[in-house]
Amino acid sequence: MKKGNISKRKRREYLVAYAFILPDLIGLAVFVVIPIIYAFYISFFEWDFINEKVFVGAANYIRMWKDAGWWNAMLRTLKLTALYVPSLFCLSLFFAVLISTVKSKMGSFIKTSFLMPFAITSVIASTLWMFLYNEKRGYLNAVLKSLGFANQKFLGSNKQALVCVIVVLLWINLGYNMILFLSAIKDIPESYHEAATIDGANRWHIFRYITFPLIRQTSIFILVTTTIASFQVLDLIMVMTKGGPAKATEVGALYIYDRSFNMMEMGYGSALSVFLFLSLLVFSFVQMRATSEKEERI
Amino acid sequence: MKKITALLMVLVLVFSFSACGNKTAQEDASEKTEKNDNDTKVIKFWSFHAGGEAEFLENVVKEYNASHEDVQIEHTVVNQSDYTTTLIPTAYANGEAPDILYVEPATFTKYAEKGMLADLSSYYTEELKADILPSALDAAAIEGKIYALPIEMETLGLFYNIDMLKEAGINPPSTWDELYEAAKKLTTDDVYGLVLPVEETAYTLFNWWPFMWMAGADVFAEDGSCMVDSKEMITALDYWGKFYQEGLSPSSLQIGPWDIGNVGTGTAAMQVSGTYVINAAENDYPDVNIGVVPLPSPNNNSMTVAGGQKLAINAESEYKDEAADFIFSLYGSDDITKASEWTTEAKFAYPARQSVIDNNKDIFESGLRAAFTDFYPTAIPEPSYPAEVTDAMGKMLQNVMFGGVSSEDAVKEAKQAIESAMDK
């Protein structure tokens with residue numbers, strides 16, 4: 001027994017493996033990790049892009065603490081997350097289960113049409129939906145009118161605007177998450193379903209006790225990635241409302257953009273970004289912890 | 001066979017993308033090699049224009065480059081929304097900012113106060129200073145030093161659909177009451193009475209200033225104190241807010257509020273917009289009868305606001321003299337052909353120089369332009385405030401327009417924000 005001596009073959013395998021991963025790692029390091037570290041660094045300075053950076057210690061963080069505008073923006077972000085994540089999760093799961101029962105040709109047509117919104121850029125999706133949401137000439141109000149309802153303001157109403165943005169987000173991302181669920185569901189062996197049906201289980205029982213537990217990994221993945229994405233929504237809002245009306249859609253990411261570029265306060269913007277990053281980190285950690293604990297209990 | 005066809009299609013796609021990309025990269029590369037021999041000074045000039053304006057710029061740059069061996073202007077076009085928000089500050093941060101750039105009231109003070117713009121006072125001759133309209137020169141100066149070269153003045157007016165108003169038996173409004181009544185009468189399920197800007201942007205403030213001034217209000221008083229909470233400001237806010245609160249003006253817009261398509265496509269009866277849409281009104285909507293009148297006023301004191309781009313030079317540029325030579329030869333020299341061409345052919349705007357107006361009377365008196373020329377003397381240059389002030393003012397407007405906040409509360413909040421920003 002030779003201890004500590006990795007065979008030549010094994011070593012070469014590792015080398016090849018790392019060589020394949022290296023390009024991606026470098027990309028990650030340069031475009032993700034280093035900018036994050038740099039943002040940490042700048043958050044301790046005052047910087048307006050032009051002049052020298054001025055070291056101000058924790059001043060930016062103290063300012064953030066007292067900044068009512070920021071906390072309002074974070075509240076709106078949380079509201080968006082609270083409405084968007086559960087809806088996306090349930091809807092994509094629901095459609096995935098539904099489609100998993102459809103046979104071949106119809107199935108692939110449906111899958112393609114669900115996935116199409118994901119393929120167009122968010123700017124085009126926003127423009128498309130602005131047409132639909134248009135108060136006097138839009139398609140949605142035309143339908144509502146024919147059903148006897150009054151014209152809705154949609155993006156022009158500070159009560160409805162955020163929900164309207166969420167609807168567009170759902171429309172874009174439903175297909176992608178549905179496909180993820182679908183592949184997870186397809187991985188479950190048919191024999192499980194057959195056995196359960198023989199034992200007298202109905203569709204709901206099958207879903208709750210067989211399907212849902214077995215797609216846990218995918219569920220967690222979708223939950224965490226959707227939450228992270230919902231904290232970062234910016235492009236849709238920039239195109240559709242620019243944070244309006246009267247700040248109804250000004251979420252954290254937009255607030256950071258505004259401070260950093262319009263007010264040219266990059267140091268403060270970086271501090272806010274760092275906070276957003278850390279809170280997302282905590283959020284995701286808690287989410288993963290909560291969902292893995294359940295597994296141990298079974 | 002299926003696999004091969006699929007592979008072929010992918011290859012074709014990839015090649016067509018790279019071919020498109022390579023063409024422009026090659027053009028750039030060869031241009032650069034031409035310019036970079038023999039110590040030619042390359043001056044970077046970034047613009048965001050399209051159409052006729054872009055053609056004008058391409059031509060003048062080519063002409064200048066042909067007649068100057070030692071100085072070459074490298075003109076790049078970038079998109080407008082990036083230009084005014086993230087592009088310029090990031091370029092400065094990277095040390096890659098252009099030598100010549102455009103500034104507008106929303107960015108002028110911001111950039112000048114941070115030392116981004118070169119002092120151009122020495123390049124102005126006394127004749128030029130006398131020729132430039134006093135208000136335009138004031139707007140380009142901070143504490144006596146001139147940091148930009150005004151090239152155009154774009155003013156606002158009230159555009160309207162002549163036929164729609166005639167059918168409803170309404171005369172083009174000239175007072176605030178008439179405007180309100182007209183908007184109310186003309187608003188239907190399909191049509192907005194009056195289109196005003198909606199989003200919290202510099203453009204919305206641009207439209208707001210004349211309304212504020214006509215009510216007798218202003219942000220700062222003569223002595224520099226903040227008078228945002230005056231009762232005149234409240235009057236102006238109440239009036240402006242009414243249009244949105246009562247649904248006479250839209251709460252969200254598909255196309256820009258400046259886009260004359262709002263009136264042109266029949267979505268609105270009236271619209272506040274500027275000299276910059278006259279060409280579009282005449283060319284894109286020839287079948288719609290569009291007229292323009294001065295902005296209605298409360299006390300027979302109609303006035304309008306004059307915005308427009310200015311040219312500035314990067315304070316960190318190595319070739320300030322050469323850059324100045326280029327822009328002053330276009331817009332600041334005794335030969336006013338180029339300056340005239342810019343505001344009469346490339347686009348329509350008012351020039352910043354009296355001599356150009358005098359020399360092109362026939363253009364300034366034709367069609368919709370005549371109306372603008374009439375009320376041109378009432379134009380006050382768009383103010384250029386620090387970012388914190390415009391932020392507070394924008395928020396104040398949004399609160400009243402859509403936030404259900406009373407004008408009294410909105411002005412109080414704005415005053416607090418402005419005063420604490422001024423204290424810093």
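Me: What distance separates the centres of domain 1 of chain B and domain 2 of chain B?

Reply: The two centres are 28 Å apart, taken over C-alpha atoms. This is a predicted model, in which local features need pLDDT of at least 70 and side-chain atom pairs count only at pLDDT 80 or more, while totals for chains, interfaces and linings use all residues. Residues are numbered from 1 along each chain as its sequence is written, and chains are lettered from A and ligands numbered from 1 in the order in which they are written.

Me: Where do those domains run in chain B?

Reply: Domain 1 covers 36-153 + 308-381, and domain 2 covers 156-306 + 386-423. The bounds come from an automatic or database domain assignment.

Me: How many residues of the two domains are in contact?

Reply: In chain B, 20 residues of domain 1 are in contact with 19 residues of domain 2. Contact is counted when C-beta atoms, placed from the backbone, lie within 7 Å.

Me: Which element gives the largest share on the domain 1 side?

Reply: α17(B) does, with 5 residues. Elements giving two or more residues there are α4 (105-113), α17 (368-375) and β13 (379-381) of chain B. Helices (H or I, at least four residues) and strands (E, at least two) are DSSP runs, numbered from the N terminus.

Me: Now the chains. How many residues of chain B are in contact with chain A?

Reply: 29 residues of chain B are in contact with 25 residues of chain A. On the chain B side, α3 (80-93) and α18 (387-401) each supply at least two residues. The largest share, 6 residues, comes from α3(B).

Me: And which residues touch the most other members of the largest nonpolar core?

Reply: V165(A) and A148(B), in a core of 152 residues. A nonpolar core is a set of buried Ala, Val, Leu, Ile, Met, Phe, Trp, Tyr and Cys residues joined through C-beta atoms within 7 Å. Buried means that 20 or more other C-beta atoms lie within 10 Å of a residue's own, with C-beta atoms placed from the backbone.

Me: What does A148(B) touch?

Reply: Not counting residues up to four places away in sequence, the residues touched by A148(B) include V103(B), F108(B), L117(B) and L120(B). A second, separate core of 10 residues includes F95(A) and M178(A).

Me: Last one: is helix α12 of chain A mostly covered or uncovered?

Reply: Mostly covered: 9 of the 11 residues in α12 (residues 252-262) are buried. Among them are L254(A), Y255(A) and I256(A). After α12(A) comes M264(A), with a positive phi near 55°.

Technical notes:
Buried ≥ 20, exposed ≤ 12 C-beta atoms within 10 Å, placed from the backbone.
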